[in-house]
Amino acid sequence: MKAILTDITKCIGCTQCVTACKMINNLPPDKPREWQKNDGLSSRNWTSVLRKQDFFVRKQCRHCNEPACAAACPVGALHKTELGAVVYDSNKCLGCRYCMMACPYGIPRYDWDSAVPYIRKCILCYDNLISGKIDQPACTKNCPTGATIFGERDFLIQEAHRRISENPNLYSDIIYGETEVGGTNVLYITSKDCPLDFLLYYNNRIEKGLNLVGEPDFDSPYPQLTKWAMSSVPFAFVGMGAIMSGIYWVVKRRQKIEKEKKEKENEEDRQN
Amino acid sequence: MKKIDKTKLILWIILGIAASVAITRFIFGLGATTNLTDNTPWGFWIGFDVMGGVALAAGGFVIAAFNYIFGVKEFHSISRAAILTAFLGYVAEVIGLLFDLGLPWNIWHMLIFWNPHSPLFEVGWCVMLYLTVLFLEFMPVVFERFPNLSLLNKIHKALFKVRIPLVILGIMLSTLNQSSLGSLFLAMPYRLHP
C-alpha cells in the first residue's frame, strides 16, 4: 500500500503542496466562509498548512487502513482502494453527511454553497496515479524540501524509524498514524516541541475540557465502534420475530382453552 | 374572525415561510438556509425530527402488539389511530429528511448500493420497510369505505389473512429501527456530550 510521510521538522510552510493540489484537481479559488473550520480545509482546499508556534503542519485526509467514513456511508460511496487511497464516488452519494460525523480527524468537507452538494476531501490523486499520468501525488512531487514524501507504507515506516533513531533529541518517539485508529496511510513524524495530538478530533475535545463517553482506545480502528452492534442485528431481528410468534401462539392457545372451559361450564349449567 | 380561522391563518403563514425556505435551499444550497458547518454537519432536527418523530411512531407498534399479539382487547379501539399516527410520523420524518439530504433524488440508492456495516443503512431500510408495513396495516380502513369494489375486497381479504405476520414484521422492523437510531451515535463517541 502506498502512503505519505510528512516530516514536520522539514516543512518550511511554503504551501507549494496546497497550490499543486488545487492545480491537479482543478479546484476553484476559495474565500473564507462562515461554515468552514479554521484549519484551512474546505470543499475547495483538500490540503492546508497550519502554523503551530515555530512549526508548520500539513493537514489532509489520513487515508485510514479501516476508514470510519467508509464504514459509516450507507451506500458505500467512500471506499478503501488497494492502492491505499480512500476514494469517493459522487454518483452513489446521497448527501447524508454521516461520513463527516464519523471521521475521527474531521476531514471530509461539504459544498454548503451548492444546490447539488458533494463531499470533498483528498483522494491521494487516485485517478491520476491509476491512469499512470503521474507517479506520485502532486503535493509530494512539488515539495521543495522533501518534507512530505510518497512511497510504500512499510518503507516509509522504516524510514521514519531511521530518522527518529538517528536524531532522538530532535524527533518525538511517536510516528503519528503507525497504529493510531488502526493505522493510517498518511504518516507524520514531528519535533518534540510540536505534538500532533490535536489532529485527532477527540483530542481537541479533551483540550476544551470535554470528556469522552467511555475510555478512548486510540489504537483500535473506528469501524469497530459499530461492528458489534451491526453484527447483532440479524439475531435481534430473528429473535424478536420468534419471541413475538411464540407469545402469539401461547396467548391464542390460552384463549382457546378458556373458551372451551367456558363452553363446558355452560353445558354443565344447562344439564343441571 | 372565528378562532379556527385564526389557527388556520397562522398555519398557512408557517407553511409559506417553510415553502420559501425550501425553495431557497434547492437553489442556493444548504449553507444559505441552515447554520450547518463543516464542524457540525448534522442539525438539531436530526435529533428532534428523526429521533422524536420515530419515537412518536413507537405507539403504533406497541398498541398493535398489545392488540394482536398479547390479546389485550382494551386497546382495540385506539389501535387504528395509533397505526395512523405512526404512519404519519414516519412520513413526516422521510419528507423532512428529503430537505436535509444534499442529494435527495439519490435516496433510492440505498436499494441497490449496499453497505450493511453502516448503521444509517439499517435505519434507511427499516424506515422503508416499516413504512410499507404501516401502509398495509392501515389500508383496510380505506378499503372498508368501498365495499362494492370487488378488487379492493379481494386485497382486503388477503391483507386480513396476513395481518398477524404483518404486525409481527412491524414489531421486528421497529425494534431494529428504534435501536439503530442509537447505533448511529456509537460511531462518534467524541461528538456526544459529556
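How many residues of chain A are in contact with chain B? In this predicted model, 59 residues of chain A touch 57 residues of chain B, where contact means heavy atoms within 4.5 Å. Being a predicted model, it is read with limits: local features need pLDDT of at least 70, side-chain atom pairs count only at pLDDT 80 or more, and totals for chains, interfaces and linings use all residues. Residues are numbered from 1 along each chain as its sequence is written, chains are lettered from A and ligands numbered from 1 in the order in which they are written, and side-chain values use heavy atoms, with hydrogens and water left out.

Now for the interface itself. Together the two chains bury about 5,200 Å², 67% of it on carbon and sulfur atoms; buried area here is the accessible area (1.4 Å probe) that two parts lose on being put together, summed over both. On the chain A side, A:Tyr98, A:Met101 and A:Trp112 account for 14% of the area that chain A buries against chain B, more than any other three residues.

Several elements give two or more residues to the side of chain A that touches chain B, among them helix H3 (98–102), helix H7 (201–207) and helix H9 (233–271) of chain A. H9(A) brings the largest share, 11 residues. Helices (H or I, at least four residues) and strands (E, at least two) are DSSP runs, numbered from the N terminus.

Chain A also splits into domain 1 (2–226) and domain 2 (232–271), with bounds from an automatic or database domain assignment. The C-alpha centres of these two domains of chain A lie 59 Å apart.

Then there is an open sheet of three strands in chain A, ordered S8-S1-S9 with mixed pairing; two strands pair if DSSP finds at least two bridges between them. Strands S8 (148–152) and S9 (186–189) of chain A sit at the edges, each pairing on one side only. Strand S1 (residues 2–7) of chain A runs antiparallel to S8(A) over five bridges, and A:Thr6 stands opposite A:Thr148 in S8(A). Helix H6 (residues 153–166) of chain A packs on the sheet and touches S1, S8 and S9 of chain A. The direction of H6 makes about 130° with that of S8(A), with axes fitted to C-alpha atoms, for helices over the stretch in contact, and angles running from 0 to 180 degrees between N-to-C directions.
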